[in-house]
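Trainee: I'd like to learn how to read a protein model. Could we go through one together?

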Amino acid sequence: MNFWLQPDKWKLSAKNTFYCLLGCSVGDFGTIYYFQEYTDITDVMFIMPIAMFNGIITSIILETLILIKNMSFKEAFKTACGMSLISMIAMELAMNLTDLYLYGQLVINLKYLPIILVAGFITPWPYNYWRLVKYNSSCCG
């Protein structure tokens with residue numbers, strides 16, 4: 001079968017990407033919302049790294065909680081940290097850069113949220129698929 005034409009792997013990689021998106025979005029959007037509502041800080045170069053870091057942390061927490069059903073906490077945490085770091089960084093960058101492009105700054109704007117989420121999902125999905133097929137590696141499967 002052709003490497004890129006495996007529907008079951010696309011489906012599983014989409015599921016994994018969705019979990020990653022959910023986790024990343026909570027930390028990323030929560031941080032942006034905090035700065036938007038509770039501070040006067042608007043410097044993108046200050047907010048973006050914090051938002052990305054928090055997004056990655058919340059994604060690792062969510063993935064660990066999902067994986068802990070099938071393995072020990074230590075194994076789940078190690079797997080969550082190792083499986084999708086590249087995916088999470090790509091996702092975070094895509095979401096934040098899309099927000100900057102559409103709105104001109106990092107803010108929570110419900111009008112653009114669906115577009116930002118789609119960008120965050122689409123960007124790492126092919127990588128997650130490739131990793132799943134090549135290494136039979138799945139973070140949440």
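Mentor: Let's start with contact: it means heavy atoms within 4.5 Å. This is a predicted model, where local features need pLDDT of at least 70, side-chain atom pairs count only at pLDDT 80 or more, and totals for chains, interfaces and linings use all residues. Residues are numbered from 1 along each chain as its sequence is written, and side-chain values use heavy atoms, leaving out hydrogens and water.

Trainee: Which residues is Thr64 in contact with, leaving aside its neighbours within four places in sequence?

Mentor: Those are Phe73, Ala76, Phe77 and Ala80. Thr64 itself sits in helix α2.

Trainee: Is Thr64 buried or exposed?

Mentor: We call a residue buried under 20% relative accessible area, exposed over 50%, and partly exposed in between, using a 1.4 Å probe and protein chains only. Thr64 has a relative accessible area of 4%, so it is buried. Across the protein, buried residues make up 43% of the 141 residues.

Trainee: How many helices and strands are there?

Mentor: Helices (H or I, at least four residues) and strands (E, at least two) are DSSP runs, numbered from the N terminus. Here you get six helices and zero strands, so the pattern along the sequence reads α-α-α-α-α-α.

Trainee: Which residues touch the most other members of the largest nonpolar core?

Mentor: A nonpolar core is a set of buried Ala, Val, Leu, Ile, Met, Phe, Trp, Tyr and Cys residues joined through side-chain atoms within 4.5 Å. The largest one has 17 residues, and Cys24, Met88, Met91 and Met95 touch the most other members. Two or more residues each come from α1 (7-38), α2 (44-67), α3 (73-83), α4 (85-103) and α5 (113-122). The most come from α1, with five residues. Another core, of eight residues, lies apart from it, and includes Ile32, Ala51, Met52 and Leu106.

Trainee: What does Met88 touch, not counting residues up to four places away in sequence?

Mentor: Met88 touches Cys20, Cys24, Ile56, Ser59, Ile60, Glu63 and Ala80.
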